Amino acid sequence: MSNQIRVRIAPSPTGPLHIGTARTALFNWLFARKNKGDFILRIEDTDLERSDPKFEEEIKDSLDWLNLEWDEFYKQSERIGVYKKYLQKLLDEGKAFWCYHTIEELEQEKKEQTKRKEAPRHICQHKYMKHETKNMKQGIIRLAVDENSTRIIHFNDIIRGTIEWQERLIGDLSLAKNLETPLYNFAAVVDDYETKISHVIRGEDHISNTPKQILIQEALGFNSFQYVHLPLILGSDRTKLSKRHGAESIQEYMDMGYLPEAMINFMALLGWHQPEDIKRKGEKPEDIFTIDELAAVFNLEDVQKSPAVFDIKKLNWMNSYYIHQLPPEQFRAAVEPFIIKELGVNGVRDEYLDKIQHLMAERMEKLSDVKNFDYFFKEPEYNRGLLIWKTFTNEEIKRSLTLTKEALEPVDWGIFDKDYIRKKIDNLAKENFDGDRGAVYWPLRVALTGKEASPDPIDILAVLPKETVIKRLENAIKLTP
RNA sequence: GCCGUUUUCGUCUAGUGGCCCAGGACACUUGCUUCUCAUGCAAGAAACACCGGUUCGACUCCGGUAAGCGGCGCCA
């Protein structure tokens, strides 16, 4: 099957999985799934200095978390022999050569070119000494590129059309530090060829690498690939997304309490839009799609050309939507780690979590927002001033709280009837405060939660044990002089 | 500086010569419900970078300008 779709994501293990890389992974994955192709993970760890196996694990974990499973796995450090073979071939054929210029000389050359308003690139005289340098083994290995060429290198990009590049502006590009240490452009070309990649789908920042890779392919006698350069993801200041803009790795979003479904949905809409005729089952809001729905309609032709700004507000909206939709057992599993982390509370019972789920979920953007619901798990702390309803006096607060306590004390919690309780509390307001319900609801709510914003106090009463409710009311009464 | 690339509401986008005095989503504003918050519902403000050309007619086609972004490593 020569028409088999095969794509890859090729991160280097020099840091955690970046949002931009994750989005590239997602588009590759979606394209592979849509076309029944293969999605390959390749770790580019040729730079020993900067690579760390720890990051390889983190990247895999993040991909797992996002549910972007890969069909094949490669690691460049395990393929040194393969690169060496091709490198030797190029050297033997005189297409590559050893360049032994020093880094200082290279910098000097660049400086002079810039001064002359030329494109900076290395034009190496050593390539004319190929025979002498063939077995030299010092300096680095470069591909010989004709600096006087008048050729224009063309390549087709699925989302951008034809892109042209002048060959003479490329220079003698670097291939490897030595036979055992290939460099990016070379290793990528060899791997893409050997693993039969059909489409190279990567970030726009790789456009300028493409003509270089094409030259390497030609020297090696390989066929080229179909290229697709995705628009970049930008921060709010319209520069490439980076640490300055806040969280930039998938890991961090996971730790903040974003759900993988929300991340996937959000990233998919960054630079892509669903076709008009997509069939939606059920009543879901605009822009909400599962990963499978996306995979069913994904098209590279629908990818945007211009870069997209990462808008955390929209992500938050999506995330809260997905949190609301979580079935009880999934909600529990998702929120429990955050209850431990944010509130230091362990061993919350499942039935209890189920009861408070909708009260919390409706008010959560991120799972870490459970920290706003501490009063469901421990005694609240607050200043007495918070108990005061509008123009209340101390007298009236005390009276309101006492009345509420007395009304609740005879209630049998075993047959808790919300409507009955609500009527009771409403009557309190009617009989004592001219029907001003805030006069009794506000102090009650503060006594229960210690917060100025919370769910309906009646709903909270319904989930807390009676002793707790009475105790919190008593504590509040004690606070009023 | 060189090369490449991009340009519709604040943001993500729909739009392929007349259906567009430009549609949707998020955010924002204002109402309704309401003890507070959130949800929900309703309404509202908000954009075709600029200049020329082609055409009966341009957001859509052509040319130019400007601005943004990216790359320019013995990193990937």
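Trainee: What radius of gyration does chain A have, and what would a compact globule of 481 residues have?

Mentor: Chain A has 32 Å, whereas a compact globule of 481 residues would have a radius of gyration near 23 Å. The model is a predicted one. Along its principal axes, the C-alpha trace of chain A spans about 105 × 50 × 40 Å. In secondary structure, chain A comes to 18 helices and 13 strands.

Trainee: What share of the residues in chain A is buried?

Mentor: Buried residues are 33% of the 481. As for contacts between residues at least 6 apart in sequence, 80% join residues at least 24 apart.

Trainee: What makes Glu409 exposed?

Mentor: Glu409 has 11 other C-beta atoms within 10 Å. The cut-off for exposed is 12 or fewer, so Glu409 is exposed. Glu409 lies in the loop between H14 and helix H15 (418–432). Glu409 and Phe55 are 354 residues apart in sequence, and their C-alpha atoms are 58 Å apart in space.

Trainee: Why is Asp287 called partly exposed?

Mentor: Asp287 has 15 other C-beta atoms within 10 Å. A residue is buried at 20 or more and exposed at 12 or fewer, so Asp287 is partly exposed. Asp287 is found in the loop between helix H9 (260–268) and helix H10 (291–297). The phi of Asp287 is near 75°, a positive value in a residue other than glycine.

Trainee: How do you know that Lys117 counts as exposed?

Mentor: Lys117 has 6 C-beta neighbours inside 10 Å. With the limit for exposed at 12 or fewer, Lys117 therefore counts as exposed. Lys117 sits in the loop between H4 and helix H5 (130–133).

Trainee: What is the phi of Lys117?

Mentor: The phi of Lys117 is near 60°, a positive value in a residue other than glycine. Most residues other than glycine have a negative phi.

Trainee: What makes helix H6 mostly covered?

Mentor: Helix H6 (residues 184–194) has eleven residues, and eight of them are buried. The buried ones are Asn185, Phe186, Ala187, Ala188, Val189, Val190, Asp191 and Asp192.

Trainee: Why are H14 and H16 called roughly perpendicular?

Mentor: Helix H14 (residues 394–408) and H16 pack at an angle of about 80°, with their axes 9 Å apart. Angles of 65 to 115 degrees count as roughly perpendicular, so H14 and H16 are roughly perpendicular to each other. On the H14 side, Ile397, Ser400, Leu401 and Thr404 make the contact. On the H16 side, Ala439, Val440, Pro443, Leu444 and Ala447 do. By class, this contact has seven nonpolar, two polar and no charged residues.

Trainee: Which residues are the closest to RNA strand B, and how many surround RNA strand B?

Mentor: RNA strand B is surrounded by 65 residues, the closest being Glu44, Ala119, Tyr184, Ser306 and Gly438. Elements giving two or more residues to the surface near RNA strand B include helix H4 (103–115), helix H11 (312–325) and helix H16 (438–449). Strand S7 (161–166), strand S8 (174–178) and strand S13 (308–309) also give two or more.

Trainee: How do the residues of the surface near RNA strand B divide by class, and how many are charged?

Mentor: That surface has 24 nonpolar, 16 polar and 25 charged residues.

Methods:
Residues are numbered from 1 along each chain as its sequence is written. Chains are lettered from A and ligands numbered from 1 in the order in which they are written. This is a predicted model: local features need pLDDT of at least 70, side-chain atom pairs count only at pLDDT 80 or more; totals for chains, interfaces and linings use all residues. Helices (H or I, at least four residues) and strands (E, at least two) are DSSP runs, numbered from the N terminus. The radius of gyration is taken over C-alpha atoms; the globule rule is 2.2 Å times the number of residues to the power 0.38. Two residues are in contact if their C-beta atoms, placed from the backbone, lie within 7 Å. A residue is near a molecule or strand if its C-beta atom, placed from the backbone, lies within 6 Å of it. Ala, Val, Leu, Ile, Met, Phe, Trp, Tyr, Cys and Pro count as nonpolar, Asp, Glu, Lys and Arg as charged, and the others, Gly among them, as polar. Axes are lines fitted to C-alpha atoms, for helices over the stretch in contact, and angles run from 0 to 180 degrees between N-to-C directions. Angles under 35 degrees count as roughly parallel, over 145 as roughly antiparallel, 65 to 115 as roughly perpendicular and the rest as oblique.
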